[in-house]
Amino acid sequence: MNKPNKVLILGSGALKIGEAGEFDYSGSQALKALKEEGIRTILINPNIATVQTSDNIADDVYFLPVTPYFVEEVIKKEQPDGILVAFGGQTALNCAVALYRAGVFEKYNVKVLGTPVQSIIDTEDRDIFKEKLEQIGVLSARSVAVTTMEDALAAAEKIGFPIIVRAAFALGGLGSGFANNMDELRTLVQKSFTTSDQILVEESLKGWKEVEYEVVRDAYDNCITVCNMENFDPIGIHTGESIVVAPSQTLSNREYHKLRSIGIKTIRHLGIVGECNIQYALDPVSEDYRVIEVNARLSRSSALASKATGYPLAFVAAKLSLGYSLAELKNSVTQTTSAFFEPALDYVVVKLPRWDLGKFAGVNRQIGSAMKSVGEVMAIGKSFEEAIQKGLRMLDTGKRGFVANRPEDELDHAAIDQLLSEPNEERIFAINSAFEAGYTLEQVHELTKIDHWFLQRLYGIFELSNQLAAGRSAGLDGLETKLLRDVKKAGFSDQQIAVKLLGEGDVKADELLVRARRKALGVLPVVKQIDTLAAEFPAKTNYLYTTYHGTENDLARETAQSVVVLGSGVYRIGSSVEFDWCGVQAVQTAAAEGYKTIIINYNPETVSTDYDVSDRLYFEELSFERVMDILDFEQPGGVILSTGGQIPNNLATRLADADAPILGTAPARIDEAENRHKFSSIMDELGIAQPRWKELTSLEAMQEFVREVGFPVLIRPSYVLSGAAMNVVSNNFELEEFLKTAADVSAEYPVVVSEFIQEAKEIELDAVADHGDIVSYAISEHVEFAGVHSGDATMYYPPQRVYVGTIRKLKIIAEKIAKRYEISGPFNIQFLEKNGEIRVIECNIRASRSYPFVSKISGNNLIKKATQVLLGKHVDRDESERVYDLPFVGVKAPQFSFTRLPGADPVLRVDMVSTGEVGCLGDTAEEALLKSMLSVGYKIPQKSVLISGGPIISKVALLAPAALLIKKGYTVYATQGTHRFFAENGIPSSLLFWPNELQEPNVLTYLKEKKIDLVINIPKNLSKGELDNDYKIRRTAVDFGVGLLTNARLAKAFIQAFCTLEMKDLKIKSWNEYKAM
Amino acid sequence: MENTKQVKLILEDGTEIEGTSFGAFTSSAGEVVFSTAMTGYPENLTDPSFAGQILVLTYPMVGNYGVPGEELYESISKIFESDKIHIAGLVVNYYSEEHSHWNAAKSLGDWLKEYNIPGIFGVDTRMLTKKLREKGAMLGKIVAETDVPLHDPNLDNLVAQVSPPDVQHYGHGQHKIVLVDCGTKTNIIRCFLERDVELIRVPWDYDFTTLAYDGLFLSNGPGDPKMCETTIQNLQKALQQDKPIFGICLGSQLMGLAAGGDTFKLKYGHRSHNQPVKLTGTQHCYITSQNHGFAVDTETLPAEWDMLFENLNDGTCEGIKHKTKPFFSTQFHPEAAGGPQDTEFLFDDFLKAVVEYKNQ
């Protein structure tokens, strides 16, 4: 075997809809596989929150955009002899195709390892792909690839409606959709052409079963299918938006193996080496099929298949790309059998997508052929019922399962029909509503096209819940062991049982009663192993789940001193890969300190759920019930819940009440920080200023409060009507308007109104304390003024424009807080600073989102120190002055996914909407900022920038940047107010009319004709006309792929950066080089 | 669930497991074996190789797609692997009473009832599988109302029970193949009939050496190969000649025995759709469907024989071949049904050998 010495790996960049944590997992496995071979690895990935960009994973890391320019520069500099392009999602693949076409690999003599780029192109170009399939007699949907509107319409005429339109070379179905007639088609096609030059007009297979296989092939033509998966939702809903079951449940042996054989034949013909995914449509009433697509790379599905089976697909794919044969590799779970085998499952896996559509004002909530979900969960059980109910809880959307959820407004038949046939993220619950409303299975099937088998299972859950409810009069004492066992086997939580049996009372208290009764009756879950072979061979696997379908645990409790680390759970806006990084670091630290480590997590996109990260992995719910089940069984020495974000943190009080050995800050203290009222009075007690706030229940009370603090105020409703959960309002009109359209206010649903301080700096402190003494910390500064959620903010580390005096004051405040809360472990405080005055916004007694960013930039691993403190180890107070000493700057920038959320208003507010982030390094703040902006998809404008400056305060802020643009030769377009203001200040700009002025030259026309390279649109106020106009500009910019900035401070920083630096000024410097500075 | 009668599964080591009855509410004894196949219960249950066995399925949900209606193809079943259910009993974790599939004609439970075969669900099949893995396949029984004695089917001549009473002819192709039916799966017949073959299906103890044929095929079948003394004797005569011979599963063991080698009982057998085998001396590997409790002991093979395929998991013999003559066999099932179809090309290889032989 001719192994390369140095290999470059392309990462996938920031997490975005369609490309999330799964690629951190794939890339980490690939790096592990190469490392084992003694190959030097270089990673390009600006996603600083990932595990793969941690110390000691790759030999060196470039925090740079995964774009052809930067990758070529890195190749030029590093001179690798091999490159892996299949582990960084579509981003890496598209980049590789571009580099291949430009002859870059040839030029620098870099060998593409694994699947040849030509095979990738063959799968990505629809025309070639179809032709390839035809060569071997494999069927694909009748379709025509077109590049013009005219051809698209003609093709549709030929194929007949309904039609699906797909964009080539696109992430997770971007630019795809269904059309039932010419009008719908025209609209759809126009949009699709904005994401791709080539689109596909195709016969619609809506209602067919959707089935996928993960296929592995080595260079010797040996092929296996590691896993097949069946979508609960039939064709018409993107697989990323579907509930997916592995293995398939409704396919006969003939169907299963027919598709398997076709997959193998296809993959051989395409010449793939490594791993790929093939998707089929299968006729529900015959064995007719179509191949939908082949993804010639590791994918979301392959990550899921790895976790579903225990077969390390990415690891094996990396080894195969070096030239190993499958038979030479060992099954890393059993360590004795071969990697050339197909896992046999003795359980079922259900994946469910997690959406966060509620965060977006105006978004179209229907789910369909394009992806909108931001995360996913995987549940394991021995029946579909058990797994899906676990999964519905794992989504952490407040649901208790399929049944026994909080009563909501009853849906009438029309509403149920609509939800069933035109699904949004609530459809699964509409099925239960339909059952309750007396719909037959056949009716539900007609409306949803979901296979009867799945509906039968759900109906079974519904019937069991009725049986429970029927025993209400007899209460808990009357509950028979058999029924209890049956409902537990069907995945009912103790809470669901409590609700059905005891009613909607104090559910948490009732849950404890059910738990006690259940334990008394001996109805306990058993722990089972996932061993890839259904127990055929002995396996030393540590990959575990719990089930009520069983009488025997597969193993005994861990008897050595052990620590349980609670994982981050589902990725959603506000909590994602950064907490996986924290969890993995915590586990590694605990292992290094000599503890046996046990992880509980259920997110298939994570590295923490990789079987070799911990000594035991429970792929399980992070609910009070399940965590207690596991703690009862394992009796660990301690539980860490401060490294996984808010889901585990929320369990603190209940676990403490149940005497769980929680490590670190006392849960009672955590509660005093989480509870707004308690926190406030403690701040008062400590003499620490906060923005004034009040919990109010009427408009009059709010107006009175505003008279005291003045406008603007921040409103945080507890019951949200539309997307805008939080907002800043500047006058009475806006206040009334907001309450009318967005929020419900009553004694039951109070509103928190806070003083909003304008033009205040936001500064964050991430720190570790030991028994109330801070031992280490990092301070970072937001580019934007306060008012942008810290998760959406752009951050400098170390701070660039904060006075030393301010830092000193912050530290004193932080020390007071750490003392008062007797903090042991990680915490984060957010501060406001204006005119030297400091206020505290909030304190989280747990690791924060910025932990990986500041830890990696500073080289001071805060989570490692925090974990050591949690474990009771003495950690020396950090005396180094790294905070100011760094000879370089790190900038963290948010990634938005607005393109994928049709209708959503792409504007930054106080509620978080970004889906991911990057962190880049530079010798100067400008350089780091520019690199990070390029990493999240912004481009340096070629010729023209539109400025729609918003309120006077931001117009003023944009004056100097506009002047700079003019000086650099850019054309500056401006909307009316801004145009006038610029003119008055001597800055020439070209006037464009507002969308509603319907007059040319109009902003919208210019955007659609791509005459504008960058849009700066600062939202002005909440009046309807302004909202509509601004919204139209922002949305059109996003829909037509034009860069958009909605914050004046960030716009200024960005303009400053690209006007002073050119691409060639952006240094191609590795992390090691920065560290050595 | 309409059927909530409790039944017991009792193993020879004294283990008693309670579960719920489905299929026939009756008692039955046999050898308890497990299969890790995730699909294909209609195929498995009708596979004559399972005769006398109580089958434990490790896949947790069974019955999902019901059971198809019978259809015939050239007078043999188009769907099933024989004309009846051969297992002695079925053990599963979860029985899917309601089923869903476009070609389903009945539920698995009703089908079992038709053949008076008991099923039991609600069993911790993983625990049971581990027990069988550790202690080896065991005798056992499903007990409904009346107890039955344990019974070792390996002491019976199971082949004699499942082999047809007389000779049958299929197809009109140009290659005349004799199929020695020790309990053949119908898909083997289908595989031949798709390949220009005239098939003469003869009983296990039939002296086929009296027939005119171009190639000889030895089928799969249940139980201990050493029970088939007559077949082995007939086979020994055929091995003296040069006509191509192909054996599958039991047929492979018979070939080994006839060649002068020995067979042994595996601790718990191979019953699954994911067995990896490697073509000896190459990098070529295949995923195969298997169902056997005995295997050829490669150490005992005479000098003129080689191991053809090797099991990648445990190194056991997955097929043998003669060094010079066109005789070969596989322990696995190239005809699949159920399971992966990756090695069906071996039928082509066999017929190629037949053509070569005829051309000589």
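Helices and strands are DSSP runs, with at least four residues (H or I) for a helix and at least two (E) for a strand, numbered from the N terminus. The views below show a predicted model.

**View 1. Asn291 of chain B in strand β20.** B:Asn291 belongs to strand β20 of chain B, which covers residues 285–297. Its relative accessible area is 5%, so B:Asn291 is buried. Outside the four places on either side in sequence, B:Asn291 contacts B:Asp47, B:Ser49, B:Phe50, B:Cys249, B:His270, B:Arg271 and B:His333.

**View 2. Phe294 of chain B, also in strand β20.** B:Phe294 is part of strand β20 of chain B. With a relative accessibility of 8%, B:Phe294 counts as buried. Residues up to four places away in sequence aside, B:Phe294 is in contact with B:Asn154, B:Gly223, B:Asp224, B:Pro225, B:Gln253, B:Phe264, B:Lys265, B:Leu266 and B:Gln331.

**View 3. Positions annotated as a binding site in chain B.** An unreviewed UniProt entry lists B:Ser49, B:Gly221, B:Gly223, B:Leu250, B:Gln253, B:Asn291, B:Gly293 and B:Phe294 under "binding site". These positions span 246 residues in sequence, but no two of their C-alpha atoms are more than 13.2 Å apart, so they gather at one spot.

View 4. Residues 5–143 of chain B are listed in UniProt, in an unreviewed entry, as "domain: Carbamoyl-phosphate synthase small subunit N-terminal". Over residues 5–143 of chain B, 17% of the chain is helix and 38% is strand.

**View 5. Packing of helices α32 and α37 of chain A.** The axes of α32 (residues 925–935) and α37 (residues 1048–1060) of chain A come within 9 Å and cross at roughly 105°. On the α32(A) side, the contact is made by A:Glu926, A:Leu929, A:Leu930 and A:Met933. On the α37(A) side, the residues are A:Leu1050, A:Ala1053, A:Phe1054, A:Gln1056, A:Ala1057, A:Phe1058 and A:Thr1060. Eight residues of the contact between α32(A) and α37(A) are nonpolar, two are polar and one is charged.

**View 6. Burial of helix α32 of chain A.** Ten of the eleven residues of α32(A) are buried, so the helix is largely enclosed by the rest of the structure. The buried residues of α32(A) are A:Ala925, A:Glu927, A:Ala928, A:Leu929, A:Leu930, A:Lys931, A:Ser932, A:Met933, A:Leu934 and A:Ser935. Just after α32(A), A:Gly937 has a positive phi of about 105°.

**View 7. A five-stranded open sheet in chain A.** The strands of this open sheet pair in parallel, in the order β36-β35-β34-β37-β38 (chain A). Strands β36 (990–991) and β38 (1043–1045) of chain A are at the edges, each with a single partner strand, so one side of each has no neighbour in the sheet. Strands β34 (residues 944–948) and β37 (residues 1014–1017) of chain A pair in the parallel sense over four bridges. A:Val945 has A:Leu1014 as its bridge partner in β37(A).

**View 8. Helices against the sheet of chain A.** Helix α34 (residues 976–984) of chain A lies across β34, β35 (971–974) and β36 of chain A, and runs at about 125° to β35(A). Helix α37(A) also packs on the sheet, where it touches β37 and β38 of chain A. The direction of α37(A) makes about 150° with that of β37(A).

**View 9. Two cis peptide bonds in chain A.** Most residues other than glycine have a negative phi, and most peptide bonds are trans. A:Phe161 and A:Pro162 are joined by a cis peptide bond with omega about -5°. A:Pro162 sits in the loop between α7 (149–159) and β7 (163–167) of chain A. The bond from A:Ala246 to A:Pro247 is cis too, with omega near -10°. A:Pro247 sits in the loop between β12 (244–246) and α9 (253–270) of chain A.

View 10. A:Asn109, a residue other than glycine, has a positive phi near 60°. A:Asn109 is in the loop between α4 (104–107) and β5 (111–112) of chain A, and at 65% relative accessibility A:Asn109 counts as exposed. B:Ala337 has a positive phi near 50°. B:Ala337 is in the loop between β24 (327–330) and α8 (345–359) of chain B, and B:Ala337 is buried, with a relative accessible area of 13%.

Technical notes:
Residues numbered from 1 in each chain as written. Chains lettered and ligands numbered in written order. Predicted model: local features only at pLDDT ≥ 70, side-chain atom pairs only at ≥ 80, totals over all residues. Heavy atoms only, no water. Axes fitted to C-alpha atoms, helices over the stretch in contact; angles between N-to-C directions. Contact = heavy atoms within 4.5 Å. Nonpolar A, V, L, I, M, F, W, Y, C, P; charged D, E, K, R; others polar. UniProt positions renumbered as here; feature names shortened; annotations may be inferred. Buried < 20%, exposed > 50% of the residue type's maximum accessible area, 1.4 Å probe, protein only. Pairing = 2+ DSSP bridges.
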